[in-house]
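Subject: Structure for you to look at

Hi,

Here is the structure I said I would pass along.

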Amino acid sequence: LEKGVWGVLIRTDNPAVIKEIVYFAKGIGSQLVLQEFVIKDVQKVSMGDRVCIDTITDMKLGEGMLIGNYSNAFFLVHSESVENPYVEPRPFRVNAGAVHAYVMMPNGKTKYLDELKTGDEILIVNQKGESIVSTVGRLKIEKRPMLNIVAKAGDKEVSIILQNAETIRLTKPSGEPV
């Protein structure tokens, strides 16, 4: 098996099984079901410790990480892969938010941003809910001005605290950073 196999034979009539095998073979995690939220309020809050996650993977348009104030609801925070007039794009980075926030990890687990360390596996997700596993290269924790963003979907209200800066974007269902 160290040299690999020529092929794999799978007997199934279930297309979902085939799709799951293709995701696995391509190194893609399971398909996550993402729900659209409507931003209801954005408020400045005090300075805080924000975490940038630098990965060993360049992310594309529509890709980022699932981050949230609570472990049961996340925002798709876009990577810094977008051009802007102030700094060069850093497609390997997600400016993820305040140290207390949760980040979605592989296998459906979560961690506080403050708990991450170099070498940890991290989940990269796109607007379709497709995910891949990457590795944390380093973390940058610095004091920055912050914003509390409150959103709603149906009866559910969720929030996230992010840095107040032009390089931080959330992701629309189309994959467009905003």
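I searched the whole structure for cavities, and one of 30 Å³ or more turned up. Bear in mind that this is a predicted model. The largest cavity holds about 50 Å³ of space. If you want to find the spot, go to the stretch with Ser 79, Glu 80, Ser 81 and Val 82, then on to Asn 84, Val 87, Glu 88, Pro 89 and Arg 90; Thr 167 and Arg 169 complete the lining. By class, that lining comes out as three nonpolar, four polar and four charged residues.

Thr 167 is a handy way into this region. Thr 167 sits in the segment that follows β9 (156-163). Is Thr 167 buried or exposed? Its relative accessibility is 10%, and the cut-off for buried is under 20%, so Thr 167 counts as buried. Leaving out residues up to four places away in sequence, Thr 167 touches Glu 80, Asn 84, Val 87 and Asn 95. Glu 80, Asn 84 and Val 87 are also among the residues lining the largest cavity.

Pro 89, another residue of that cavity lining, gives a sense of distance across the model. Ala 16 belongs to helix α1 (residues 15-25).

Now for the open space. The largest pocket has about 640 Å³ in it. Its lining takes in 21 residues, of which Gln 35, Glu 36, Phe 37, Phe 74 and Leu 76 are the closest to the centre. Which strand gives the most to the lining of this pocket? That would be β3 (residues 73-78), with four residues. Sorted by class, the pocket lining has 14 nonpolar residues, four polar and three charged.

Then there is β8 (residues 131-153), the strand in which you will find Ser 134. With a relative accessibility of 3%, Ser 134 counts as buried. Setting aside neighbours within four places in sequence, Ser 134 is in contact with Thr 55, Ile 56 and Thr 57, and also with Asp 120, Glu 121, Ile 122 and Ile 124. From Ser 134 to Ile 149 it is 15 residues in sequence and 27 Å in space, C-alpha to C-alpha.

As for the whole protein, there are one helix and nine strands, and from the N terminus the order is α-β-β-β-β-β-β-β-β-β. The radius of gyration is 17 Å, close to the 16 Å that the globule rule gives for 178 residues, so the protein is as compact as a globular protein of that length. The C-alpha trace spans about 55 × 40 × 30 Å along its principal axes.

A few overall numbers to finish. Of the 178 residues, 40% are buried. Among contacts with a separation of 6 or more, 63% are between residues 24 or more positions apart. The protein exposes about 10,700 Å², and 52% of that comes from carbon and sulfur atoms.

Cheers

Technical notes: Residues numbered from 1 in each chain as written. Predicted model: local features only at pLDDT ≥ 70, side-chain atom pairs only at ≥ 80, totals over all residues. Heavy atoms only, no water. Helix = DSSP H or I, 4+ residues; strand = E, 2+ residues; numbered from the N terminus. Buried < 20%, exposed > 50% of the residue type's maximum accessible area, 1.4 Å probe, protein only. Contact = heavy atoms within 4.5 Å. 1 Å grid on protein atoms, 1.4 Å probe; cavity = no way out; pocket = protein on both sides within 12 Å on 5 of 7 lines; lining within 4 Å. Points joined across faces, edges and corners; volume = space filled by probe spheres on them. Nonpolar A, V, L, I, M, F, W, Y, C, P; charged D, E, K, R; others polar. Rg over C-alpha atoms; globule rule 2.2 N^0.38 Å. Areas by Shrake-Rupley, 256 points an atom, 1.4 Å probe, with all protein chains shown as cover.
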